Amino acid sequence: MAEQPRGTRAPDPETWFRRYVPRPKAAARVVCFGPAGGSPAFYRDWARAAPSEVEVLSAVLPGRESRVSEPPLTSMTALADTATAALVPWLDRPTVLFGHSMGASLAFEVTRRLEARPGPRPTALFVSARPSPRRLREFPSPVADYDDEAIVAYLRERGGTPDALLDDPDVRELILPPCRADFQVIGGYAPDLDRPRIDTPLRVLLGALDRGVPVSDGSRWEEVAARFRGTRVFAGGHFYLLDDPPWVLDHVLRALRSETAAARAPRSAPPPGAPLGTPRPTGPIGSGKGSEAVRTQARAHHERRIALTGEPLNTAAALSATSHEDHVLYEDRGAVGWAEGAHARVTVHPDRTVLALRGPGRDADAAGASTVFPTDGGVLRTLDRALAAVPVRNWRAYGWAAFELSYPLHGLPPVPGDAPLAHLVVPDREVRLDAGTALLRCLDPDELDALERRVRAAAALGGAIGGTARVTVDIEQHGADAYRASVAAAVREIRAARLTKVILSRTVPVTSPVDLPATYVEGRRGNDPARSFLLRLGGWEAAGFSPEIVTRVTGDDRVVTAQPLAGTRALEGDPEADHDRRAELYRDAKEVFEHAMSVRLAAEELHRVCSAESVTVDDFMSVKERGSVQHLASRLSGTLAPGRTAWDAVGALFPAVTASGIPKAEGCALIRRSEPGPRGLYSGAVLTVDADGTIDAALVLRSVYRHEGRTWLRAGAGVVADSTPERELEETREKLRSVSGFLVPAADAPSGGARGARDLDEQSAALTG
């Protein structure tokens with residue numbers, strides 16, 4: 001196929017971009033580039049749905065629709081060069097570029113060219129359903145060699161083109177020519193990774209089920225974007241935006257508004273002559289009385305991505321089993337983050353938050369700068385200030401928040417002593433794993449090789465983590481009488497109208513040594529949690545299978561999600577009996593009432609921090625199976641109101657209503673009076689926090705805990721006016737079985753039979769560096 005002659009005449013802007021709904025007076029534009037073989041009509045519905053102040057343009061490539069008589073272009077260079085020249089006249093007002101699949105690469109290359117020439121630039125760039133430039137270099141596409149049958153098979157597999165059209169020979173003859181040309185473009189495209197990063201704000205959109213673009217690859221776009229705004233994952237596959245177009249378009253329009261507003265505000269710039277991405281010096285860290293201000297250059301993690309055949313969860317558990325430093329494993333439905341060491345450590349106390357920075361060298365205990373932030377304006381605002389002062393770019397913090405963090409949030413007196421309410425670290429080393437790859441991140445570039453050796457050894461050894469032997473615990477009767485009595489007392493308080501609901505818990509000791517990494521692996525196999533975790537941090541060790549999140553806040557679009565679970569029945573593996581119990585859940589007035597109250601309170605809490613019109617109940621009272629139990633479950637969401645932060649959302653929703661009570665202050669106070677001693681991690685949160693404002697917080701339930709030489713399990717039940725002590729006791733048993741059946745004895749425990757951390761150390765010294 002012949003390339004269109006270049007340099008003969010300028011491309012026609014009106015020919016290159018179709019306006020399905022012309023709006024010449026629009027205040028802003030969205031210019032869209034489609035997938036391989038796609039027509040401009042791919043974005044026709046967007047043009048009709050956009051508000052009157054936004055005009056949507058759809059690119060018309062040579063060789064299709066009104067340009068069918070023109071020879072198609074078969075190289076990215078030719079496409080990007082001519083598209084750039086045609087686009088310039090349309091950049092007379094704020095303009096967002098949006099590209100899907102092949103169109104994402106084309107939009108990215110057009111942005112590069114616009115930034116390399118004088119004149120207007122895009123306000124923002126969206127790349128959708130497209131591997132990062134680094135991944136395209138690592139895994140070149142073979143589609144340039146596809147024949148027609150292979151092209152059709154590829155289109156069927158990706159979706160987006162109805163089978164009826166692909167089955168019609170006449171229609172196929174219309175579809176195939178532009179596909180052949182575009183597949184030549186895709187197959188011949190090798191992004192230049194040595195060019196400067198683009199300065200246009202860039203956002204990545206992906207489909208959760210897109211097999212061609214792993215979700216973890218989204219963050220790698222940051223390698224080519226100085227102002228990377230993060231990744232948003234939507235339900236669906238490669239053509240997720242056809243399944244729910246209003247949500248995608250709304251996301252784009254919100255970003256257009258925010259970037260337009262940001263462009264009008266002054267933005268600090270690096271010193272003249274500094275290369276793109278040069279770290280800027282931070283301001284003084286903290287202002288605690290008597291402490292010296294610390295001024296330092298912001299560091300960045302050095303990254304390496306490797307192919308990996310091991311199962312991500314087992315690999316991360318093997319790393320934990322042989323780690324000699326603080327570490328956190330955090331899993332979100334198959335995507336695993338593993339962090340080790342503490343370059344920065346943030347501990348929250350009722351009256352202060354302390355930021356401690358690692359000193360020079362590789363010694364885990366090396367002394368460094370320590371800064372105290374007095375608690376003014378609230379504990380979470382102070383925590384936010386401390387994290388913002390961490391001199392690392394694009395950090396991710398891992399950590400936990402104790403249940404007792406709820407006391408200052410709800411005006412209750414603190415627990416005596418000085419135990420931290422929350423403990424987070426920005427790690428020295430981090431590994432992000434998904435199926436087939438691992439992203440390694442080290443602050444010290446000299447540690448990358450050693451970390452790669454450890455990860456590869458862990459992947460090879462991960463299958464050995466676990467075991468068939470079990471530690472037995474008394475979940476049936478230990479503390480049963482005391483628990484019945486506390487439930488009966490709580491029912492009396494509820495009937496006296498002092499509160500509406502409270503979650504009371506009981507503790508069951510584990511008296512034999514337990515291998516926590518092996519227990520985590522076995523328990524994760526036997527549970528289907530919303531999140532899972534394995535940690536040793538700040539004196540606590542825990543392995544858990546969280547049935548729900550406290551909240552998730554996304555940094556790019558400020559969406560807050562809550563997921564209350566309330567109402568429980570056993571799940572024992574007998575399909576007929578489990579089905580009957582599920583039906584009973586829906587019929588049980590007490591369980592339905594308890595769940596409805598929880599949803600109502602969660603909605604009220606979201607209204608405190610979100611724009612009122614944005615708060616919705618996305619899923620009401622479905623059933624979620626979580627290990628040994630099934631729950632009534634709902635999902636709510638909202639968008640943070642102007643002036644509100646992600647930590648405001650955490651403060652509004654913490655502790656989870658399903659682990660505290662209604663009202664929360666009264667529930668927390670009754671818990672404190674009824675239970676012996678602080679809860680600690682139980683019903684608090686394990687969380688990750690990203691520098692862009694994203695927070696993901698898992699509710700700490702269904703876990704095994706180790707602290708100050710003791711190991712135990714803990715579970716609770718929601719008590720309302722119609723509760724009976726015996727039924728609530730039985731509910732704690734049902735929940736405890738999610739963990740009690742998976743306790744693997746440590747290698748030197750009397751019951752034996754498990755392969756513990758000591759054996760793993762002996763078998764693979766590479767795991768520890």
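Guide: What follows is a walk through those features, each with its general idea and then its case here.

Guide: This is a predicted model, in which local features need pLDDT of at least 70 and side-chain atom pairs count only at pLDDT 80 or more, while totals for chains, interfaces and linings use all residues. Residues are numbered from 1 along each chain as its sequence is written, and side-chain values use heavy atoms, with hydrogens and water left out.

Visitor: Is Thr-84 buried or exposed, and which residues does Thr-84 touch beyond four places away in sequence?

Guide: Buried means under 20% relative accessible area, exposed over 50%, and partly exposed in between, with a 1.4 Å probe and protein chains only. Thr-84 has a relative accessible area of 2% and is therefore buried; this residue lies in helix α3 (residues 76-87), where helices (H or I, at least four residues) and strands (E, at least two) are DSSP runs numbered from the N terminus. Taking contact as heavy atoms within 4.5 Å, and leaving aside residues up to four places away, Thr-84 touches Val-110, Arg-113, Leu-114 and Arg-117. A polar atom of the Thr-84 side chain also lies 2.6 Å from the backbone oxygen of Ala-80.

Visitor: How is a pair of aromatic rings described, and how many aromatic pairs are counted?

Guide: A ring pair is described by the distance of the centres and the angle of the planes. Rings of Phe, Tyr and Trp (its six-membered ring) pair if their centres lie within 6.5 Å, and planes under 30 degrees apart count as stacked, over 60 as edge-to-face and the rest as tilted. By this rule there are 14 aromatic pairs. In one of them, the rings of Phe-42 and Phe-239 have centres 6.0 Å apart and planes at 65°, so the pair is edge-to-face. The two residues are 197 residues apart, with Phe-42 in the loop between β2 (28-33) and α2 (44-49) and Phe-239 in the loop between β7 (228-234) and α9 (240-243). Both Phe-42 and Phe-239 are buried.

Guide: The rings of Trp-540 and Trp-712 have centres 5.9 Å apart and planes at 70°, so this pair is edge-to-face. Trp-540 lies in strand β20 (residues 540-546) and Trp-712 in strand β30 (residues 710-719), so the pair ties together parts that are 172 residues apart in sequence. Trp-540 and Trp-712 are both buried.

Visitor: How many residues of strand β27 are buried, and with which strand does β27 pair over 6 bridges?

Guide: Two strands pair if DSSP finds at least two bridges between them. In strand β27 (residues 685-690), 6 of its 6 residues are buried. Strand β14 (residues 396-401) pairs with β27 in the antiparallel sense over 6 bridges, and Gly-399 stands opposite Leu-687. With strand β28 (residues 695-699), β27 forms an antiparallel pairing over 5 bridges, in which Ala-697 is the bridge partner of Leu-687.

Visitor: In what order do the 11 strands of the open sheet run, and which strands stand at the edges?

Guide: The order is β8-β17-β16-β10-β9-β19-β20-β29-β30-β18-β26, and the pairing is antiparallel. At the edges stand β8 (302-307) and β26 (661-662), each with a single partner strand, so one side of each is left without a neighbour in the sheet.

Key. Polar contact = N/O pair within 3.5 Å; in protein donor to acceptor, adjacent residues only side chain to side chain.
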